[in-house]
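I opened my notebook with a simple plan: pick a few spots, look them up, and write down what turned up. Here is the model I was looking at.

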Amino acid sequence: MGAVRTRITPMSAVMEVIPLSPALGAQIRGVNVSHPLPEGVFQKIEKAWHEHLVIVLRGQDLDEEAQVRFAERFGELSPIHTDHHSATNKAVMYIGNRKKDGKLAGALPLGEMQFHSDQCYQERPAMGTMLYAIEIPSAGGNTLFASGYRAYEALPQEIQQALAGKKAVNVYDYGGGVLERKGMVDPDKGVSFAHPVARTHPATGRRSLYVNRLMTHHIEGLAANESRDLLAMLFDTLERPEFVYEHRWRVGDLLLWDNRCTLHARRDFDPNQSRWLRRVTIKGDRPF
């Protein structure tokens, strides 16, 4: 996997796109997003995002305003539906275990979190999620990303055909902060929406599995045991190691992942060490 180099301007550094794993993920070098980017540079970043699904820019020095400005280049931002949003911008969420007045101040502060896709339980789920690392523990807390494209393409043709037209109900309980499947609530007790089990990416035209272990409750039109068994097989396929990239965070990392064709999960970490990240989500269209 070689780096793709693009010279931005005669006075600038060389922009490099360096794949991080065979399945997905690429690091972009030579770009500083703390200042507005020329349209041509942004288009190359967006192209790399569509090709690699997850892009990483290391060593960024971003305040909230700069991160929001960069995220808005990709589309309309989604407001946060909990009280963990920033005091100055309701599209900004802080994730982590900092404390204020003796209480945890961030969303999803602790623990391992199973694979999921952000806002898949809403009519218009997030198109992308942008996460910026402010404080990172010395070990643990890695984020894993899985390719929905590779998982769908690995399915036998008869399974792909059986999924055509099928929808799955995704559900989430904002108050519960659920981190694993066994804590999932019934659809009538949380926020829920049904989306295609396999969706088409509007920019690339590729098909991707769009179910996940944490939030997908059942497949519509199937008996309970049939739905359970089929979902278990799909989850296992999505989470195959060869379809996963594991990101080890550093302070100053800026990640953007495509929720339309990836899942992500979090590894556990020492709760006595600080982990603090700033998140912005970009609103997407209704899956088809």
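**Entry 1: Asn212.** I started with Asn212, which sits in the loop between β14 (207-209) and β15 (216-219). Helices (H or I, at least four residues) and strands (E, at least two) are DSSP runs here, numbered from the N terminus. This is a predicted model, where local features need pLDDT of at least 70, side-chain atom pairs count only at pLDDT 80 or more, and totals for chains, interfaces and linings use all residues. Residues are numbered from 1 along each chain as its sequence is written, and side-chain values use heavy atoms, with hydrogens and water left out.

Is Asn212 buried or exposed? Asn212 has a relative accessible area of 1%, so I noted it as buried (under 20% relative accessible area, with exposed over 50% and partly exposed in between; 1.4 Å probe, protein chains only). Its side chain reaches the backbone nitrogen of Met215 at 2.8 Å. Leaving aside neighbours within four places in sequence, I found Asn212 in contact (heavy atoms within 4.5 Å) with Phe115, His116, Ser117, Cys120, Asn170, Arg181, Phe235 and Leu263.

**Entry 2: Gln60.** Next I went to the loop between β4 (54-57) and α2, where Gln60 lies. Gln60 is buried too, with a relative accessible area of 6%. What does the side chain of Gln60 reach? I found the backbone nitrogen of Val33, at 2.9 Å. Beyond its neighbours within four places in sequence, Gln60 is in contact with residues including Tyr132, Gly252 and Leu254.

**Entry 3: helix α2.** I then followed the chain into α2 (residues 64-72), whose buried residues are Glu64, Ala66, Gln67, Val68, Phe70 and Ala71. Among the elements covering them are α1 (39-52), β5 (92-96), β9 (126-135), β17 (254-258) and β19 (276-283).

**Entry 4: aromatic rings.** How many aromatic pairs does a search of the whole structure find? My tally is eight. For the record, rings of Phe, Tyr and Trp (its six-membered ring) pair if their centres lie within 6.5 Å; planes under 30 degrees apart count as stacked, over 60 as edge-to-face and the rest as tilted. Phe70 and Phe74 have ring centres 5.4 Å apart and planes at 80 degrees, so I logged that pair as edge-to-face. Both Phe70 and Phe74 are buried. Tyr94 and Trp276 have centres 5.7 Å apart and planes at 15 degrees, so they are stacked. Since Tyr94 belongs to β5 and Trp276 to β19, this pair ties together parts 182 residues apart in sequence. I also noted one aromatic cluster, formed by Phe42, Trp49, Phe70 and Phe74.

**Entry 5: charges over rings.** Here I looked for NZ of Lys or CZ of Arg within 6 Å of a ring centre and within 35 degrees of the ring normal. The charged end of Arg206 sits over the ring of Tyr149, 4.0 Å from its centre. Arg199 has its charged end over the ring of Tyr210, 4.7 Å from the centre.

**Entry 6: the largest pocket.** I worked on a 1 Å grid over the protein atoms alone; a pocket is an open set of points with protein on both sides within 12 Å along at least five of seven lines, a cavity is a set where a 1.4 Å probe fits but cannot get out, and lining residues have an atom within 4 Å of a point. The lining of the largest pocket has 28 residues, with Met93, Ile95, Leu108, Met113 and Arg279 nearest its centre. Strand β18 gives the largest share, three residues.

Definitions and conventions: A polar contact is a pair of N or O atoms within 3.5 Å; within protein, one must be able to donate a hydrogen and the other to accept it, and residues adjacent in sequence count only if both atoms are side-chain atoms.
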